[in-house]
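The sequence and the structure are shown first, and the description follows.

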Amino acid sequence: MSRTTWAYPKYTRKEDDHAGKELAAGGSSAEWLNALHVVDNWRASHAFPLNTFQVGLRQRARKVEAESIVAQRLKRLSSIEAKLSRFDKMRLSRMQDIGGCRAVVHTLPQVGALHKAYRESNLKHRLIRVRDYIELPKQSGYRSLHLIYSYHSDKKPTYNGLQIEVQIRTQLQHAWATAVETVGTFLDQSLKSSQGSQRWLRFFSLMGSAFAFKEEMPLVPGTPDNRESLVEDIRRMAQELAVRRTLRDYQRVVQTHIIPSLREADFFLLTLRPKEGSATVTTFARKELEKATEEYLEMERQIAGEPGSQTVLVAAESVEALLKAYPNYFLDTTIFLEELSGVLAPPGVKGNSQI
């Protein structure tokens with residue numbers, strides 16, 4: 001069987017950080033293009049440690065819930081650039097989420113059980129920090145558990161020090177995040193970074209609290225702590241923004257194309273072009289990782305400047321798992337809409353979320 005060709009860091013941390021600053025500054029000069037390749041190498045170098053963490057996450061998640069969803073992704077260049085631009089003191093070599101893997105389970109107790117499995121493990125990798133956005137939700141309404149690790153291995157010291165982010169969230173929290181990214185895609189605004197339409201940001205902040213109520217967890221700062229007031233605010237904003245009609249219209253826009261249909265693929269290049277009404281999935285076998293990484297960079301160049309267009313290289317067990325792990329790339333907000341209907345249903349009516 002052919003072996004995977006893993007990228008490795010070719011430059012010093014100082015060179016990586018300098019390239020990150022050049023990327024954030026923008027342009028098209030020869031120096032900027034060189035910086036682009038340096039940053040891409042740094043990103044691609046996270047693939048091996050990321051795969052290691054994804055395998056461990058999958059094993060632990062399956063013990064907690066057999067139907068858990070696990071996937072991984074390398075951060076988009078546009079997201080790296082935006083983060084470097086947004087935070088003056090941010091350095092590329094210290095960015096914790098260039099490589100990220102995620103587990104989606106159904107319930108909060110399962111999130112807790114999975115977190116416990118990590119706390120009691122004998123990992124050699126160093127846990128840098130835990131960010132519990134379930135106990136302390138972001139003002140945006142975002143809720144999830146993040147574990148940030150620094151990779152360490154005696155056998156693969158080349159990758160030592162690279163940071164990987166492990167996210168653990170419930171299906172409800174995943175539905176919220178999917179809806180935020182879907183609306184942000186069509187508005188061409190980074191709503192998930194709290195940038196863009198204040199009305200949409202407020203709506204999702206309120207919905208974050210509605211879901212927190214349902215999960216009996218702390219509410220989002222700045223939202224009503226009274227259930228009736230919260231539901232009334234959500235009802236008013238849902239009407240003003242025509243939320244249900246808007247999200248359903250988004251879902252009808254995109255047609256999904258899978259090229260080619262490799263059922264045993266390991267890597268998937270997702271490309272969403274909402275203005276063209278297409279979501280394309282290009283599949284790659286494990287031995288084709290280098291090719292997948294090259295096509296990822298090329299696609300990022302192609303869609304640069306296209307409003308709402310996005311591309312990302314991810315790994316998942318199957319196309320079916322891919323659709324569940326990244327529904328935002330297919331503008332699928334079905335679960336969120338069902339939950340919204342439950343929030344707004346009169347007390348006692350079937351389907352009420354009972355927040």
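## Cavities

On a 1 Å grid over the protein atoms alone, a cavity is a set of points where a 1.4 Å probe fits but cannot get out. The structure described here is a predicted model, and it holds three cavities of 30 Å³ or more. The largest cavity contains about 40 Å³ of space.

The lining of the largest cavity is made up of A47, L50, Q72, R73, L74, F267, L289, L313, V314 and A315. By class, these lining residues are eight nonpolar, one polar and one charged. At least two residues of the lining come from each of α3, β1 and β9 (310–315).

## The second largest pocket

The second largest pocket holds about 450 Å³ of space. It is lined by 27 residues, and the closest of these to the pocket centre are I69, Q171, H174, K324 and I335. Two or more lining residues are given by each of the elements α3 (47–64), β1 (69–74), β2 (99–105), α6 (171–187), α11 (319–325) and α12 (334–344). The lining of this pocket divides into eleven nonpolar, eight polar and eight charged residues.

## The nonpolar core

The largest nonpolar core comprises 105 residues, and F203, F204, I234, L270 and F336 have the most contacts inside it. Helix α7 (residues 198–214) contributes the largest share of this core, with nine residues.

Which residues does F203 touch, leaving aside those up to four places away in sequence? The contacts of F203 are I234, M237, A238, L241, V243, F336 and L340. Two of these partners, I234 and F336, are named with F203 among the residues that have the most contacts inside the core.

## Aromatic pairs and the aromatic cluster

A search of the whole structure finds 16 aromatic pairs. In one of them, the ring centres of Y133 and Y142 lie 5.8 Å apart with the planes at 70°, so this pair is edge-to-face. Both partners are buried: Y133 has a relative accessibility of 15%, and Y142 has a relative accessible area of 12%.

Another pair is formed by W200 and F204, whose ring centres are 5.7 Å apart; their planes stand at 25°, so the pair is stacked. W200 and F204 are four residues apart in helix α7 and are therefore separated by about one helical turn. W200 counts as buried at 7% relative accessibility, and F204 counts as buried at 2%. The residues of both pairs belong to one aromatic cluster, formed by Y133, Y142, W176, W200, F203, F204, F211 and F336.

## Loop residues with positive phi

E216 is not a glycine, yet it has a positive phi of about 55°. E216 is found in the loop between α7 and α8 (227–240). L331 is likewise a residue other than glycine with a positive phi, near 55°, and it lies in the loop between α11 and α12.

Is each of these residues buried or exposed? E216 has a relative accessible area of 70%, which is over the 50% cut-off, and E216 is therefore exposed. L331 has a relative accessible area of 0%, which is under the 20% cut-off, and L331 is therefore buried.

Key
Residues numbered from 1 in each chain as written. Predicted model: local features only at pLDDT ≥ 70, side-chain atom pairs only at ≥ 80, totals over all residues. Heavy atoms only, no water. Core = buried A, V, L, I, M, F, W, Y, C linked by side-chain atoms within 4.5 Å. Buried < 20%, exposed > 50% of the residue type's maximum accessible area, 1.4 Å probe, protein only. Contact = heavy atoms within 4.5 Å. 1 Å grid on protein atoms, 1.4 Å probe; cavity = no way out; pocket = protein on both sides within 12 Å on 5 of 7 lines; lining within 4 Å. Points joined across faces, edges and corners; volume = space filled by probe spheres on them. Nonpolar A, V, L, I, M, F, W, Y, C, P; charged D, E, K, R; others polar. Phe/Tyr/Trp six-rings, centres within 6.5 Å; stacked < 30°, edge-to-face > 60°.
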